[in-house]
Amino acid sequence: MVSVIVPVFNDAERLKICLTALDRQTYPRACYEIMVVDNGSDDVDMTRAVVALSPNARLAIEPRPGSYAARNRGLALTTGEVLAFTDADCVPAEDWLQRGVAQLQRLPDGGQVVGRIETFFPNPDRPTPVDLYESITAFPQEALLRQFHGGATANMFTWRQVFDRVGGFNAQLKSHGDLEWGHRVYSLGYPQVYAESVVVRHPTRSSYQGLIKRTQRLAGGSYALHAKQAKTRWQKLAVFWRALAQNLVPPVFFAVNAIFDCRLQGIGQKLQVPLVLVLVRAVSAVEVLRLGLGGTPCRD
């Protein structure tokens, strides 16, 4: 039995697409349940109406802000031996569950499977600079697993017994909670694998507004995670100055790589994408400064 946990916040329209994809899985319908956890949407009735259209889905409410609090709520209300995670704005492939469970069964003593997240342009005929930037930078699952021993919960499988031992997600984090949880899995010696064949699709963000919000959330989550791990005042100061300095370094190597990246067509795209990263680093630096002065991390 598989429990699929899907947090959602003000995204009923894309949740409907996600649930439609989950209803079309090749995995036997009687062998999986879908738990949608609304995380304080402005109109919960819209979420409820969408969930009602899916025969395998149930709805829960988690008022505490943060997707990791929502996922913990879903964990508490489900019973599947296997746990599968994706997000409301993702579109799982039809064989997502079948392939994910097959990969996980190769780790019978516990462990974590991190699948591929394939981005696509909402408007493929006219991709924006933000679309292009996200298409080559967003969701590097294999690299995340190799470098940080974790992966995005937009595409992740594990056994419930692993959560029973490792514990749930850190609900205080607004971002990077999946990497923090994965590092705990790694620290206890469980195997972690990247599965290229386990696929969900995710739309790129097209607007600068959406990119800025995501950047603030990610920068805040990363800073909060490292600040939490610091034990002394001096260590916290070191975390602050390191995070600030990293975001003030010009992205020279990224720009050079962009020039030779075959996914970017023409000199216009090859110049636009590095400029987007300059914006991302500037926004990140401002967010680190705001948090260092006592601000609280953004949820979205």
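**View 1. Asp87 in the loop between strands S4 and S5.** Asp87 is found in the loop that joins strand S4 (82–85) to strand S5 (91–92). Strands (E, at least two residues) and helices (H or I, at least four) are DSSP runs, numbered from the N terminus. The model is predicted: local features need pLDDT of at least 70 and side-chain atom pairs count only at pLDDT 80 or more, while totals for chains, interfaces and linings use all residues. Residues are numbered from 1 along each chain as its sequence is written, and side-chain values use heavy atoms, with hydrogens and water left out. Asp87 counts as buried because its relative accessibility is 18%; buried means under 20% relative accessible area, exposed over 50%, and partly exposed in between (1.4 Å probe, protein chains only). The side chain of Asp87 makes a polar contact with the side chain of Arg71, at 2.9 Å. A polar contact is a pair of N or O atoms within 3.5 Å; within protein, one must be able to donate a hydrogen and the other to accept it, and residues adjacent in sequence count only if both atoms are side-chain atoms. Leaving aside residues up to four places away in sequence, Asp87 touches Val6, Pro7, Cys18, Arg71, Thr153 and Ala154, where contact means heavy atoms within 4.5 Å.

View 2. Cys18 is buried, with a relative accessible area of 0%. A disulfide is a covalent bond between the sulfur atoms of two cysteines; here it is taken as a pair of cysteine sulfur atoms within 2.5 Å. Cys262, by contrast, counts as exposed, at 66% relative accessibility.

View 3. Eight strands form an open sheet with mixed pairing, in the order S3-S2-S1-S4-S7-S6-S8-S5. The edge strands, S3 (57–61) and S5, each pair on one side only; two strands pair if DSSP finds at least two bridges between them. Strand S1 (residues 2–8) pairs with S4 in the parallel sense over four bridges, and Val4 has Ala84 in S4 as its bridge partner. Helix H2 (residues 44–52) packs on the sheet, touching S1, strand S2 (32–38) and S3, and its direction makes about 160 degrees with that of S3. Axes are lines fitted to C-alpha atoms, for helices over the stretch in contact, and angles run from 0 to 180 degrees between N-to-C directions.

**View 4. Leu144 in helix H6.** Leu144 lies in helix H6 (residues 141–148) and is buried, with a relative accessible area of 17%. Not counting residues up to four places away in sequence, Leu144 touches His149, Gly150, Ala152 and Leu179. Leu179 is 35 residues from Leu144 along the chain, and their C-alpha atoms are separated by 8.0 Å.

View 5. Ser207 lies in the loop between S8 and helix H9 (208–229). Ser207 is partly exposed, with a relative accessible area of 37%. The side chain of Ser207 reaches the backbone nitrogen of Gly210 at 3.0 Å. Ser207 and Pro129 are 78 residues apart in sequence and 8.7 Å apart in space, C-alpha to C-alpha.
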